[in-house]
Amino acid sequence: MLLFIVALMFVVRAEPIATVDATVPQEHRKLIALSFDDVPRLRGAFLTPQERGERLIATLKEKQVDQAAFFLNPGQLTEYGDTKGATQRIRDYVAAGHVIANHSFTHPNLGKVSAADYLSNIDAAEQWLVKQPGHRPWFRYPFLHEGGKDMAKRDAVRAGLKARGLLNAYVTIDGSDWNMEDQALKAVKAGKKIDMAALRDLYVETHVQSADFSDALMVRTLGRSPAHMILLHETDMAALFLGDLIDALRSDGWEIISADGAFADPIYKLAPNTPFAAGTLTEGLAWEKGITGPRWYDRNDTDIANRLFAERVLHEK
Ligand SMILES: [Zn+2]
């Protein structure tokens with residue numbers, strides 16, 4: 001009998017895990033795609049927009065990220081008086097295999113304009129975009145602002161997007177990288193000394209933490225880990241530290257996928273019914289489902305983020 005049990009144990013243990021019990025859930029895969037908003041963005045503290053673009057393209061290639069999404073404000077092409085350089089940079093992103101989509105013409109805040117004006121602004125951007133290679137029918141709300149408590153306005157814009165065949169290109173992960181870029185720019189302008197290694201560590205740590213925060217909240221909300229979309233911007237931070245961030249995400253178990261792959265997840269067709277002012281799809285879905293506990297990664301609070309920046313990057317008390 002004992003021999004039989006031992007033999008049975010051996011047989012069970014020798015079986016590949018997947019065939020022992022088909023009801024065992026699949027290994028938890030953490031999938032993430034990269035997106036960069038506000039293209040073309042004004043120069044930051046360290047690099048010219050040209051250098052920034054070259055570094056981004058080189059890093060994505062070196063780290064074998066085949067397709068990231070760049071969300072454009074074509075109205076800024078003329079605004080910044082750098083039409084030629086910025087347009088070329090956008091072409092270079094596409095030539096490197098990345099895709100471009102709509103972030104409105106001039107980055108209006110839906111809290112401050114009518115639905116009709118907002119949709120015309122989207123149309124102006126789309127007119128420019130449809131002629132470009134690498135274009136995708138995706139729209140990313142500036143400030144992630146979907147109308148706040150004004151449900152009529154929210155629904156009018158949502159219906160307008162649908163009528164135009166534009167996907168609401170939600171983000172599920174946000175670490176407020178734009179604020180870190182602003183803090184660095186302010187510090188440099190004020191003549192303060194920046195600890196670049198500490199800045200890199202803060203940027204990387206913040207985004208990996210934010211990714212894990214969102215993934216845990218999504219699992220609690222949906223019962224599964226969706227294909228995530230992280231919000232980054234066309235910043236010096238990204239140009240300098242994206243390689244480190246990609247390495248850190250991978251060491252933390254994340255798999256980088258294409259933007260096309262991420263938006264194929266059905267969660268991006270959802271439209272959470274919440275007074276949704278400035279957040280991620282993760283927050284919206286958790287809110288709608290009444291999930292308790294924090295629904296918002298705390299470093300998106302600029303007071304918290306700025307205190308960390310001062311302490312760790314500027315070594316101020
Ligand atoms: Zn933006």
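Let me begin with conventions. Residues are numbered from 1 along each chain as its sequence is written, and side-chain values use heavy atoms, with hydrogens and water left out. Because this is a predicted model, local features need pLDDT of at least 70 and side-chain atom pairs count only at pLDDT 80 or more, while totals for chains, interfaces and linings use all residues.

On confidence, pLDDT is the predictor's confidence in each residue, from 0 to 100. The chain has a mean pLDDT of 91, and 89% of its residues reach 70 or more. Residues 1-22 stay under 50, and the model gives them 2 contacts (heavy atoms within 4.5 Å) beyond four places in sequence. Where pLDDT is low, the predicted coordinates should not be read in detail.

Turning to the overall fold, the chain holds 13 helices and 8 strands; these are DSSP runs, H or I of at least four residues for helices and E of at least two for strands, numbered from the N terminus. Of its 317 residues, 52% count as buried, where buried means under 20% relative accessible area, exposed over 50% and partly exposed in between, with a 1.4 Å probe and protein chains only. Among contacts between residues at least 6 apart in sequence, 83% join residues at least 24 apart.

D38, in strand β1 (residues 30-39), and H103, in the loop between β3 (99-102) and α6 (115-129), are 65 residues apart and link distant parts of the chain. Both D38 and H103 are buried.

Next, helix packing. The axes of α6 and α7 (residues 151-163) come within 9 Å and cross at roughly 30 degrees. Axes are lines fitted to C-alpha atoms, for helices over the stretch in contact, and angles run from 0 to 180 degrees between N-to-C directions. The two helices are therefore roughly parallel, a term for angles under 35 degrees. On the α6 side, the contact involves A115, Y118, L119 and I122; on the α7 side, K153, A156, V157, G160 and L161.

Finally, N168 lies in strand β5 (residues 167-168). N168 counts as buried because its relative accessibility is 12%. Beyond four places in sequence, N168 touches F139, Y141, E146, L161 and Y268.

Definitions and conventions
Parallel < 35°, antiparallel > 145°, perpendicular 65-115°, else oblique.
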